[in-house]
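Reader: Hi! Could you walk me through this one while I look at it?
Author: Happy to, here it comes.

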Amino acid sequence: MDVNQAKQEHLLALKVMRLTKPTLFTNLPVTCEDRDLPGDLFSQLMRNDPSTIKGAENLMLGEMLTLPQNFGNIFLGETFSSYISVHNDSSQVVKDILVKADLQTSSQRLNLSASNSAVAELKSECCIDDVIHHEVKEIGTHILVCAVSYTTQYGEKLYFRKFFKFQVLKPLDVKTKFYNAETDEVFLEAQIQNITTSPMFMEKVSLEPSMMYNVTELNTVTAEDDSRESTFGKMSYLQPMDTRQYLYCLKPKPEYAEKAGVIKGVTVIGKLDIVWKTNLGERGRLQTSQLQRMAPGYGDIRLSLEVIPDTVNLEEPFQIVCKITNCSERTMDLVLEMCNTRSIHWCGISGHQLGKLSPAASLSLPLTLLSSVQGLQSISGLRLTDTFLKRTYEYDDVAQVCVICPYTSNES
């Protein structure tokens, strides 16, 4: 912490101290074997050391607390607390004492004083104390400006300031990735890395979705007693420079999923809310800005599958349900054509008239087909034609289905 003091001598003295929790005392144990020259000397000294744990003297961690020896690090999302004391070092009685504390960041100036009213008088050897708190929401250089104004017993008005500069560091590195499913579902992967020098206890990592989506967390597994357990175990610690991946599934709400045009272009997904604790329970919280993703472009018309079996039998008909959505801003008159491929054969009449489809409207269409080849087969060969504009849309590799042979032969 840098301190710039005024050269003029004043009747009052200003002291500022950052308030932080103490740390556990650590020592470096020195041991040797009994046959070595020191013998049992080192062990006896460690047993007599009041800072060691009785019965576990060889551990570096002690049972005493150590007060902070320096200003320390301040990280984004933590609460900055400071103790401000104004002491009357003179033999005079001063009047109208006003203590003001402001925090200057790169973008704003914040008033942290608990009270903006002046103290009527301050006698000799008395002091005015105040504790300020502020949740740090910006990284970079911060300057705590403490100003004191007062009036001497002779009516002279005096004023002085002190500046305390400190840096706010970034505690976490957050990276996000979006994965689009074949349906309207969106999967969000959040990679969170601890870039501090001390371990963190991750109290909460959640996704607050926007008004368009519902979210499901995929960071738990089912235990033997059918309860849900975290994939990271019961003790959710994140060591320095370690990274964790959190997964979330977002699905558009029904009122938005039915409107194809709403989820076009850039959409707001939501924001991550991260809460952690360090050292002796010091709490930190970080919220990301609104996460945005570019919705996949489906063109004028979208064809997706609502129902499809996982496995089907070779050369046996099976049924799928297609959903056709008009993503354009005009009405379409659609005709469906089904073209056979090397492995997929459609059952029914090709060139079926589907009728008119309004903008953002959709229809479900059951279709029957069979496969003449075993293995993982792609469903292809669908073609939609808009008779109004004479425009054709072809759909290949709509989905995949596993084709198995139901017949087995037993040889002796």
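Author: First a term: two strands pair if DSSP finds at least two bridges between them, and strands are DSSP runs of E with at least two residues, numbered from the N terminus. This is a predicted model, where local features need pLDDT of at least 70, side-chain atom pairs count only at pLDDT 80 or more, and totals for chains, interfaces and linings use all residues. Residues are numbered from 1 along each chain as its sequence is written, and side-chain values use heavy atoms, without hydrogens and water.

Reader: Great. In what order do the four strands of the open sheet come?
Author: The order is S13-S14-S20-S16, with antiparallel pairing.

Reader: And which strands stand at the edges?
Author: Strand S13 (172-180) and strand S16 (213-217); each has a single partner strand, so one side of each lacks a neighbour in the sheet.

Reader: How many bridges join S13 to S14?
Author: Nine, with S14 covering residues 186-194. Tyr 179 sits opposite Phe 187 in S14.

Reader: Switching topic: is Ser 304 buried or exposed?
Author: Buried, because its relative accessibility is 14% (buried means under 20% relative accessible area, exposed over 50%, partly exposed in between, with a 1.4 Å probe and protein chains only). Ser 304 belongs to strand S24, residues 301-307.

Reader: What is Ser 304 in contact with?
Author: Leaving aside neighbours within four places in sequence, Ser 304 contacts Val 321, Cys 322 and Lys 323 (contact means heavy atoms within 4.5 Å).
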